[in-house]
Amino acid sequence: MSLPQFTFLAPTSLSEACALLEKHQGKIKIKAGGTDMIVRLSHRAVKPDFLMTLKKIPDLNEISYTPDKGLKIGALALLREVEISPLILEQAPMLARAAHATATVQIRNMGTVMGNVCNASPSADNIPSLVAMNAIIVASSGKKEREIPIDEFFLGPGRSALQANEIAVAIKVPKLAANSGVSYQKISARSKVDIAAVNIGALITLNEEGKCKAVRISMGAVGPTPLRASLAEEFLLNKKITDETLAEAGRLAAEDASPISDVRASREYRKLMVEVMTTRALKEAAGFASQRVVKCKSS
Amino acid sequence: MKKELITLNINGDDIEIAVHPWRTLNEVLRDQLHLTGTKLGCGTGDCGACTVLLDDQSVSSCLTLAIEAEGHKITTIEGLAPEAATENDLENLTLDPIQESFIAKGAIQCGFCTPGMIMSGKFLLDHTPNPNEAEIRAGLSGNLCRCTGYNKIVDAIADAAEKISPTK
Ligand SMILES: Cc1cc2nc3c(=O)[nH]c(=O)nc-3n(C[C@H](O)[C@H](O)[C@H](O)COP(=O)(O)OP(=O)(O)OC[C@H]3O[C@@H](n4cnc5c(N)ncnc54)[C@H](O)[C@@H]3O)c2cc1C
Ligand code: FES
Ligand code: FES
């Protein structure tokens, strides 16, 4: 179906873009890659008077890394770019895996990681690993920048903590602590092309004795926003990582999940899959973390 | 509302055209420029029938605004084998190796998915000259076919890969 009519805006600076957001409040929508926004327009889920592209704003597509500041992923970095970026593959390979697990080749060539985050879908593929890694969303109002911890970014389905005059400009991902590992796991009906029925991001840091020193688990598609598996996290702290403790953590994660039944999966199936996928994610993350323990000791 | 005059670089030609900003590249290609090789299936990014290359990257033309395609190099199925545009001269018609392989391997039934499949195949082989079967299937996972059952399409891409970048 044809798109509804709108006036197209293509500002060439952040300050211009934020001024336009301010001026046309309530009547304007932002697009980056447009793979969510154009579909919503075509379904008439939104009918803005103005559609503003971010594509003409320079330098928003950069991916950079510094040892002290960690990774920075610009708002216009494409899913495909994150998927194949040597920097990301080296510093945070799970972010590349999550980008790769998103949508189809064509959509990854168009869509951005930031768009996936700002769209704030509970099932978004790139959110759980970013939550596990304690990412920060940098928002700009053109005049000021502020940093929003990702734990505070999602307010509900499609709702984020961005103000009406703010644009998200970058995702900051802190450098992994020593002896840490990350995993991203997804399950969906039509292999990875499909929207996730359940997805899990996990980060584990081990201490010298191989006990869990820190852990963050993010569960997607099982609540109105991505949820932290707090019971499982509390249980694992200071415990030795064994098949038994990981299985128990999975069970506790399922307790924290509040999924609904929909076309993709039933509530019961989702709960079971949270258990399986959480255990699997923790096991992989702990595996990576312990490889690093070994590496640290031998070097 | 006013149309905007833009220049689209399509298959090597600069074309000046007036478009409404809400028109998709798919609409402009098909309805205004009559380049109907590019199909419209779902219109929501799911089926891949509308796939074109934008600066050599495969994208869904149904989700691309025409106005945003300005300044980029657009390649459609018609541009893959420029000679093929001269329909009257079938004797001298040359096709892209991927197109030849689709014919040779019987990978076309109704043909609706074919242009999109071939553009996705082109993007795949540009980046992965010698894909294995899993890589071919992953490369085509954004394209649906209701007829062939995919196997012959996978064969065709493997055949084309071998012609373009022989492994032996
Ligand atoms: C066929 C198809 C399959 C898909 N499959 C998946 C899948 O498997 N997994 C998945 O997670 N998603 C999937 N998606 C959804 C979509 O592709 C992703 O969410 C994508 O990452 C969105 O990025 P974009 O740049 O295209 O966002 P856009 O559509 O441009 O924007 C998305 C939303 O974020 C806002 N926004 C974007 N950038 C900013 C910014 N910098 N600041 C403030 N607000 C911003 C927009 O206003 C809009 O509300 C699919 C979509 C399609 C069409
Ligand atoms: S018509 Fe564009 S993906 Fe189906
Ligand atoms: S040949 Fe008919 S849809 Fe593929």
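The contact between the two chains takes 26 residues from chain A and 31 residues from chain B. The model is predicted. Interface size is often expressed as the accessible area lost when the parts come together. Here, chain A and chain B bury about 2200 Å² between them. Carbon and sulfur atoms account for 58% of that area. On the chain A side, A:Phe8, A:Gln106 and A:Met110 lose the most area to chain B. Together these three make up 25% of what that side buries.

Next come the specific interactions across this interface. The count between chain A and chain B is 1 salt bridge. The side chains of A:Lys31 and B:Glu68 meet in a salt bridge, with an N to O distance of 2.4 Å.

Which elements of chain A each supply at least two residues to the side that touches chain B? They are strand E1 (7-9), helix H2 (37-42), strand E3 (50-53) and helix H6 (105-110). H6(A) gives the most, with 5 residues. By class, this side of chain A has 11 nonpolar, 10 polar and 5 charged residues.

Now turn to ligand 1. It is surrounded by 34 residues. The closest are A:Ala32, A:Thr35, A:Asp36, A:Thr112 and A:Asp125. Why is the site shared between chains? Residues from both chain A and chain B surround ligand 1, so the site belongs to both.

A backbone N or O atom of A:Gly34 lies 2.7 Å from an oxygen atom of ligand 1. A polar side-chain atom of A:Asp125, a residue among the closest to the ligand, lies 2.7 Å from a nitrogen atom of ligand 1. At A:Ala168, a backbone N or O atom lies 2.8 Å from a nitrogen atom of ligand 1.

How much of the ligand does the protein bury? Taken alone, ligand 1 exposes 980 Å², and the protein buries 93% of that. The elements that give two or more residues to the shell are strand E2 (28-31), helix H7 (113-118) and strand E10 (167-173) of chain A. The largest share, 4 residues, comes from H7(A). By class, the shell around ligand 1 divides into 17 nonpolar, 11 polar and 6 charged residues.

Terms used
Residues are numbered from 1 along each chain as its sequence is written. Chains are lettered from A and ligands numbered from 1 in the order in which they are written. This is a predicted model: local features need pLDDT of at least 70, side-chain atom pairs count only at pLDDT 80 or more; totals for chains, interfaces and linings use all residues. Side-chain values use heavy atoms; hydrogens and water are left out. A residue is near a molecule or strand if one of its heavy atoms lies within 4 Å of it. A polar contact is a pair of N or O atoms within 3.5 Å; within protein, one must be able to donate a hydrogen and the other to accept it, and residues adjacent in sequence count only if both atoms are side-chain atoms. Accessible areas come from the Shrake-Rupley method with a 1.4 Å probe; for residues, only the protein chains shown count as cover. Ala, Val, Leu, Ile, Met, Phe, Trp, Tyr, Cys and Pro count as nonpolar, Asp, Glu, Lys and Arg as charged, and the others, Gly among them, as polar. Contact means heavy atoms within 4.5 Å. Buried area is the accessible area (1.4 Å probe) that two parts lose on being put together, summed over both. A salt bridge is a side-chain nitrogen of Lys or Arg within 4 Å of a carboxyl oxygen of Asp or Glu.
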